[in-house]
Amino acid sequence: MSHDSHTMHFEYNVEGGNFTRAGYASSEIKKILKQLNVDMGIIKRTVVACYEAEVNVVAHAFSGTIYVDVSTESITIRLVDEGPGIPDIDLAMQEGYSTASSKVREMGFGAGMGLPNIKKNADKLEISSEVNKGTTLEITMFFN
Amino acid sequence: MRVAEIAEKLGLKVYSGMNGLNREVTGGYVSDLLSDVMGNADAGEIWITLQTHKNVMAIASLKDLAAIILVSDNTPEQDTAIQSNGEEIPILGTSLATFEISGKLYELLK
Ligand SMILES: Nc1ncnc2c1ncn2[C@@H]1O[C@H](COP(=O)(O)OP(=O)(O)OP(=O)(O)O)[C@@H](O)[C@H]1O
Ligand SMILES: [Mg+2]
């Protein structure tokens, strides 16, 4: 963590395929936001968006890093992964669309609701992706 | 109603998270799809599911759920139970299937 008077920065690594650790970063981020006394409604929406994005790295990519910046105006969560990328982002955003493996579906993932959940809960969502390289999601939550 | 009272009235087993038995329950949510629960469950609800792995606890904790009920004699995996103890979110169990236990919980909470 780095800290100056205006912003705080945190980073977390996410391992593709490691479901036992899925949600760890989101849980740490939730703790930090609670300590900072962020509005409970904003924390709840941030947690949903962050968890879904974190699990997507675990379920669909090889590895990733989560960069969190908290300023006086907003929280920005950037998830940068190395993985297969998303060939058609509009299609991936549709509720019910999923390429999750049968093993992952058996665990209860793969409903194709993660990206729609992120969209619903984030104040701002930007996705960029390159096939066979990786995906970057930027989730922004505004305090006002 | 508290988790303990629900467990007693419905004859539920308590597998883990005993320290959370006094959590207040505001309602219930029934789903085996994790992102459905993530998107639609509310804090304070009891979650009825057949999923037993650790991600269930991650969700329960992130969503501040009151407890989990495992249906059809499913039991929590060991690391799931350990996290339940740590988070103090009880994991309960029943031999009933989802339909029956959901109906009973609904009757109790309505
Ligand atoms: N980080 C990622 N890298 C590669 N593909 C991704 C990534 N995130 C999402 N996708 C693609 O977009 C699809 C839809 O994602 P979404 O999160 O909505 O559903 P899901 O992960 O399949 O299931 P759920 O989130 O309901 O458990 C995925 O199945 C996958 O094909
Ligand atoms: Mg997903």
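Modeller: A pocket is an open set of grid points with protein on both sides within 12 Å along at least five of seven lines, and its lining residues have an atom within 4 Å of a point. The model here is predicted.

Colleague: Which residues lie nearest the centre of the largest pocket, and how many line it?

Modeller: Rolling a probe the size of a water molecule over the atoms shows where empty space is left. In this model, 35 residues line the largest pocket, and those nearest its centre are A:Asn56, A:His60, A:Ile86, A:Thr99 and A:Leu115.

Colleague: What takes up the space of the largest pocket?

Modeller: Ligand 1 does. Two or more residues of the shell around ligand 1 come from each of helix 2 (40-60) and helix 5 (114-121) of chain A.

Colleague: Why is the site of ligand 1 described as shared between chains?

Modeller: The test is which chains supply the surrounding residues. Chains A and B both do so for ligand 1, and therefore the site is shared between them. There are 21 residues around ligand 1, and A:His60, A:Ser98, A:Thr99, A:Gly110 and B:Ser35 come nearest. The shell holds nine nonpolar, 10 polar and two charged residues.

Colleague: Which atom of ligand 1 is 2.8 Å from the side chain of A:His60?

Modeller: For a polar contact, look for a pair of N or O atoms within 3.5 Å. An oxygen atom of ligand 1 lies 2.8 Å from a side-chain N or O atom of A:His60. A:Asp81 places a polar side-chain atom 2.8 Å from a nitrogen atom of the ligand. With A:Thr99, the distance from an oxygen atom of ligand 1 to a side-chain N or O atom is 2.5 Å.

Colleague: What volume has the second largest pocket?

Modeller: About 210 Å³. It is lined by 16 residues, with A:Gly23, A:Tyr24, A:Ser27, B:Ala58 and B:Gln83 closest to its centre. Helix 1 (24-35) of chain A supplies at least two of its lining residues, as do helix 3 (54-62) and helix 4 (78-87) of chain B. Helix 3 of chain B gives the most, five residues. The lining of the second largest pocket divides into five nonpolar, six polar and five charged residues.

Colleague: How many cavities of 30 Å³ or more does the structure hold?

Modeller: A cavity is read another way: a 1.4 Å probe fits in it but cannot get out. The structure holds one cavity of 30 Å³ or more, and the largest cavity has about 70 Å³ of space. Its lining consists of A:Asn13, A:Val14, A:Glu15, A:Asn18, A:Arg21, A:Ala22, A:Tyr24, A:Ala25, A:Glu54 and A:Val58. Strand 2 (8-15), helix 1 and helix 2 of chain A each give two or more of these residues. The largest share, three residues, is that of strand 2 of chain A. In the cavity lining, five residues are nonpolar, two polar and three charged.

Notes
Residues numbered from 1 in each chain as written. Chains lettered and ligands numbered in written order. Predicted model: local features only at pLDDT ≥ 70, side-chain atom pairs only at ≥ 80, totals over all residues. Heavy atoms only, no water. Near = heavy atom within 4 Å. Polar contact = N/O pair within 3.5 Å; in protein donor to acceptor, adjacent residues only side chain to side chain. Sits in = over half its atoms within 2 Å of the grid points. Helix = DSSP H or I, 4+ residues; strand = E, 2+ residues; numbered from the N terminus. Nonpolar A, V, L, I, M, F, W, Y, C, P; charged D, E, K, R; others polar. Points joined across faces, edges and corners; volume = space filled by probe spheres on them.
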